[in-house]
Amino acid sequence: MNPIIKDQVEAELQSFVGEEVYIHSEATSFVFVRNFKVKVTDAFIAGEGSYRVALQFDGHGWLRMEALTHVEREGNARLLLAGYDDKGRMNVALHLGKEPFPE
Amino acid sequence: MNEIHKAPSKKLLAVFAHPDDETFICGGTLAKYASEGVEITLVSATRGEMGRRMGNPPYINRETMPAVREKELRRACDSLGIRNLMFLDIRDKTVEFINEDGLTDTIAALINEVNPDVVLTFHEKLGGHPDHCAIGKVTTAAFKHTAHRGSLYFISYGNMMEQPERYGYTRQDVVKIDVHDHLEAKLAAFRDHRCQTEIDEWVWEEDRKALGRFGNYEYFLKGSPTPKSQKPGNLFQ
C-alpha cells in the first residue's frame with residue numbers, strides 16, 4: 001500500500017463512475033460489508049494527509065468514509081483504499097472492484 | 001527381513017479459529033507434544049483475513065491478508081512441529097453465523113477420520129472472541145456426537161486457570177503443562193506470525209529477554225471425564 005496522492009486517487013475513483021461496482025467497506029473494529037453491488041454515479045475525495053471519500057450510488061445512495069491514508073491500484077479492475085494508524089493497524093478500508101471480491 | 005514395530009503414535013487434533021491461536025495460546029504445549037512424537041493436526045476455521053494488524057509499517061491489505069497469514073501459519077507449524085494443517089475456509093468474524101449443525105458434522109467427520117487421543121479447542125463461554133466461542137461450541141458438540149474415546153480439553157489464556165475458582169471451576173478441572181523446555185519453539189512461532197507480532201516490541205528483542213515474557217506453564221480445562229489413572233501434568237493417558 002502507498003500513501004494516498006489525492007489527485008491520483010481522484011482520477012482513479014472517476015474511472016468507476018457510471019459502472020456497476022462491488023464494494024468492500026469496513027470500519028475494522030465495528031462493521032464490514034463485502035460485495036454489495038452498486039452503480040456508482042459520483043465519487044469524491046477530500047482532505048489532506050488523511051482523506052475522506054464519498055460515493056453516490058444508484059441515484060439515491062451515499063457511502064462516505066474517513067481516515068483513509070493508503071491506496072493500492074490493481075490494474076483497471078480494483079482500487080483498494082485503507083486507513084492505517086501509526087502502528088500499521090487498520091482502521092478503515094474501502095475497496096472498489098469491477099468483479100466480486102473473493103467471498 | 002526385520003520389521004521395526006513401533007507403537008502407534010499418539011494423536012492430537014486442535015480446532016481453532018485463526019492462524020496464531022495455536023501459537024499465542026498453547027504453542028509451548030503443541031511444541032512439547034510434537035517433540036515427543038505426537039502427530040498433531042491443526043484446523044483453523046478461518047485464515048484470519050479480517051485481522052486489524054497489517055504489519056508495522058503496514059505492507060498488507062485486506063485482499064492480500066489471507067495468503068500472507070496462511071504462509072505465516074505454515075511456518076509456525078514447522079517451528080512447532082505440527083505436520084497437518086487444514087482450513088475450514090470460513091470468513092474471519094463470521095464463524096458464529098455458519099450453520100451450526102453443518103459445521104458440527106464437518107468436525108465430527110474430522111474427529112472420526114483423525115481418531116485423536118486428545119482434542120483441543122476453545123471453551124464456548126471463555127473463548128473471548130466470538131469466532132473462538134463459536135468454533136469451541138461446535139467442536140464440543142462434535143466431540144460429544146462422536147462419543148469419541150479420547151479426551152477433550154479447552155485451551156485457556158496465560159495464567160487465567162491458575163485460579164479456576166474465579167471462573168467456577170476447581171483445580172481438579174485443570175491440567176497444567178510444563179512447557180519451559182519448549183519456549184524457544186514458541187518464540188520462533190511468534191516470530192513466524194510476523195504481521196501479527198511486529199507491533200509487539202518484546203517479541204523482537206534478543207531471545208533471552210523475549211523468552212522471559214513467557215510463563216513456564218500452559219493451562220487446559222478438562223472438557224470430558226478423565227480416568228483416575230491419568231498422570232498429572234499430562235493431556236494424554
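Chain A holds an open sheet of 8 strands in the order E1-E6-E7-E8-E2-E3-E4-E5, with antiparallel pairing. Its edge strands are E1 (2–3) and E5 (61–68) of chain A, each of which pairs on one side only. Strands here are DSSP runs of E of at least two residues and helices runs of H or I of at least four residues, both numbered from the N terminus; two strands pair if DSSP finds at least two bridges between them.

The structure is a predicted model, in which local features need pLDDT of at least 70 and side-chain atom pairs count only at pLDDT 80 or more, while totals for chains, interfaces and linings use all residues. Residues are numbered from 1 along each chain as its sequence is written, chains are lettered from A and ligands numbered from 1 in the order in which they are written, and side-chain values use heavy atoms, with hydrogens and water left out. The predictor gives the complex an ipTM of 0.90 and a pTM of 0.93. For chain B the mean pLDDT (the predictor's confidence in each residue, from 0 to 100) is 94, and 97% of the residues reach 70 or more.

Within the sheet of chain A, strand E2 (residues 20–27) and strand E3 (residues 31–48) pair in the antiparallel sense over 8 bridges. A:Ser25 has A:Val33 in E3(A) as its bridge partner. Helix H1 (residues 6–14) of chain A packs on this sheet and touches E3, E4 (50–57), E6 (70–74), E7 (78–84) and E8 (90–97) of chain A. The direction of H1 makes about 135° with that of E3(A); axes are lines fitted to C-alpha atoms, for helices over the stretch in contact, and angles run from 0 to 180 degrees between N-to-C directions.

Chain B has an open sheet of 7 strands, E3-E2-E1-E4-E5-E7-E6, with mixed pairing. Strands E3 (84–87) and E6 (174–178) of chain B each have a single partner strand, so one side of each is left without a neighbour in the sheet. Strand E1 (residues 11–16) of chain B runs parallel to strand E4 (residues 118–122) of chain B, joined by 3 bridges, and B:Leu12 stands opposite B:Val118 in E4(B). E1(B) is also parallel to E2(B), through 6 bridges; there B:Phe16 has B:Ser44 as its partner. Of the 6 residues of E1(B), 5 are buried, so the strand is largely enclosed by the rest of the structure. Buried means under 20% relative accessible area, exposed over 50% and partly exposed in between (1.4 Å probe, protein chains only).

H2 (residues 65–80) of chain B lies across E2 and E3 of chain B, running at about 155° to E3(B).

The largest nonpolar core has 66 residues, of which B:Leu12, B:Leu120, B:Ile135 and B:Leu235 touch the most other members. Apart from it lies another core of 23 residues, among them A:Leu13, A:Phe16, A:Leu63 and A:Met65. A nonpolar core is a set of buried Ala, Val, Leu, Ile, Met, Phe, Trp, Tyr and Cys residues joined through side-chain atoms within 4.5 Å.

Notes:
Contact means heavy atoms within 4.5 Å.
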